[in-house]
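Biologist: I've got this one open on my screen. Walk me through some of it, please.

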Amino acid sequence: MIKAGLKWMFLIIGTMIGAGYASGRELWEFFGNESGFAIVLFSVLFSICCSVIMRISYSQKTIHYLPVLQLLMGKKLTKLYDYMIILYLFSVTVIMLAGGGATLEVFNLPYWLGIIIISGLLIVLFFWDTKGITSMNSIVVPVLITFLLSILLSFQFKEGFSINLNLNSQGNWPSAFTFTALNILPLVAVLAGIGSEIKSKAEIWIASVGSGLVLGGISFLYNESLLKVAHDIMFYEIPLFAILKQYPYFMVLVMSVLLWVAIYTTAASGLFGLTTRFRRYLSVPLWALAFFLILAMIPLTKIGFSTLIAVLYPLYGVLNLYILASILLYPIAKNYSS
């Protein structure tokens, strides 16, 4: 029970900690000053969302996200959100493939070779079906968390661990809702894909509370560390490098590996959501679905996606607030109707 709960917890964290989160860019965009309470609130909201999605998936024994969406949104809105999730997962996975290729250029590997490497490793992962991604997250995510925490704790100790939390200055609390909302779509897609494999409600409790506490703790520590180098962040595409500027070059290489692993877990989660969605139409193994999807994605890695993301992400942010509200209100609505 505990082992299974931790397995799902690492799956959730692996879905959440992408390159944007690991690099610090995502956190800095949403939080920053006066955000201590916002991060605590995010941790609570995130745990509730995970719990609700997993309980629906468990009760319906789902293998993809459509039944979950129908219960949350109704049949009419489910079609809209289905297309949104497919577009979101596809576009994010394309960007992760491109990012995987670009990251390996640090090690003097050609861009195209980097894309082939990450694509090949993703396809191999799906040879083990659902067990492949859960096993990968159970190994990779703890390493990812350990590296990230080591860097952040080392930095804090160097700075004297001077964390200031003024309870009277917490004006950024609404960002907890938008930050949670932006991460809802991949969460629904991935957690609905494992409904048939969840064996007990205790697993759900461990996974949802555990992931909320871990992500909340890391986010708080990360945000406090970024605040100490706030005056330097504008000079860095990756905010974490502002923290690492006084460290040896070896740490930059370690960080590059860390970012690549974060990119890989995000790409794997996106591909998992897509393959579980489409396998109801095609009776082929998951690895074959993953292969054909990646084949369609690789040519698109040559396109600049900055304009597409500039349009899509704000749209997702607004539309996701509705699905966030539906998830948070679902337990109340269910009790009322029963």
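Modeller: First, the labels: helices here are DSSP runs of at least four residues, numbered from the N terminus. Also, keep in mind that this is a predicted model.

Biologist: OK. Where does lysine 61 lie?

Modeller: Lysine 61 is in the loop between α4 and α5, and α5 covers residues 66–73. The residue comes just after α4.

Biologist: What is phi of lysine 61 near?

Modeller: Phi is near 50°, which is a positive value in a residue other than glycine.

Biologist: Is lysine 61 buried, exposed or partly exposed?

Modeller: Lysine 61 counts as partly exposed because its relative accessibility is 42%, and that class lies between the 20% and 50% cut-offs.

Biologist: And α4 itself, how many of its residues are buried?

Modeller: Of its 25 residues, 18 are buried, so α4 is mostly covered.

Biologist: What should α4 span, and how far apart are its ends?

Modeller: Helix α4 runs over residues 36–60, and at 1.5 Å a residue those 25 residues should span 36 Å. The C-alpha atoms at its ends are 37 Å apart, which agrees.

Biologist: New topic. At what angle do α1 and α8 cross?

Modeller: Roughly 70°, with the axes coming within 8 Å. That makes α1, residues 2–16, roughly perpendicular to α8. The crossing is left-handed.

Biologist: Which residues make the contact?

Modeller: From α1, Lys7, Trp8, Phe10, Leu11, Ile13 and Gly14. From α8, Ile133, Thr134, Asn137, Ser138, Val141, Pro142 and Ile145. By class, that contact has eight nonpolar, four polar and one charged residues.

Biologist: Then there's α8 with α11. At what angle do those axes cross?

Modeller: Helix α8 (residues 129–158) and helix α11 (residues 201–228) cross at roughly 40°, and their axes come within 10 Å. That makes α8 oblique to α11, and the crossing is left-handed.

Biologist: Which residues of each make the contact?

Modeller: On α8, Ile145, Leu148, Leu149, Leu152, Leu153, Phe155 and Gln156. On α11, Val214, Ile218, Leu221, Tyr222, Glu224, Ser225 and Lys228. The classes there are 10 nonpolar, two polar and two charged.

Biologist: Let me pick phenylalanine 155. Is it buried or exposed?

Modeller: Buried, because its relative accessible area is 5%, and the cut-off for buried is under 20%.

Biologist: What is phenylalanine 155 in contact with, leaving aside neighbours within four places in sequence?

Modeller: Ser225, Lys228, Val229, Ile243 and Tyr247.

Biologist: Last stop, α15. Which of its residues are buried?

Modeller: Leu286, Ala288, Leu289, Ala290, Leu293, Ile294 and Met297. What covers them includes α6 (75–103), α7 (111–125), α8 and α14 (249–278).

Biologist: What should α15 span?

Modeller: Its 12 residues, 286–297, should span 16 Å at 1.5 Å a residue, and the end C-alpha atoms are 16 Å apart, which agrees.

Biologist: And what does serine 119 touch?

Modeller: Serine 119, in helix α7, touches Leu97, Ile294 and Ile298, not counting residues up to four places away in sequence. Serine 119 has a relative accessible area of 4%, so it is buried.

Key
Residues are numbered from 1 along each chain as its sequence is written. This is a predicted model: local features need pLDDT of at least 70, side-chain atom pairs count only at pLDDT 80 or more; totals for chains, interfaces and linings use all residues. Side-chain values use heavy atoms; hydrogens and water are left out. Axes are lines fitted to C-alpha atoms, for helices over the stretch in contact, and angles run from 0 to 180 degrees between N-to-C directions. Helices (H or I, at least four residues) and strands (E, at least two) are DSSP runs, numbered from the N terminus. Angles under 35 degrees count as roughly parallel, over 145 as roughly antiparallel, 65 to 115 as roughly perpendicular and the rest as oblique. A crossing is left-handed if the near helix is turned anticlockwise from the far one by less than a right angle, and right-handed if clockwise. Contact means heavy atoms within 4.5 Å. Ala, Val, Leu, Ile, Met, Phe, Trp, Tyr, Cys and Pro count as nonpolar, Asp, Glu, Lys and Arg as charged, and the others, Gly among them, as polar. The expected span of a helix is 1.5 Å times one less than its number of residues. Buried means under 20% relative accessible area, exposed over 50%, partly exposed in between (1.4 Å probe, protein chains only).
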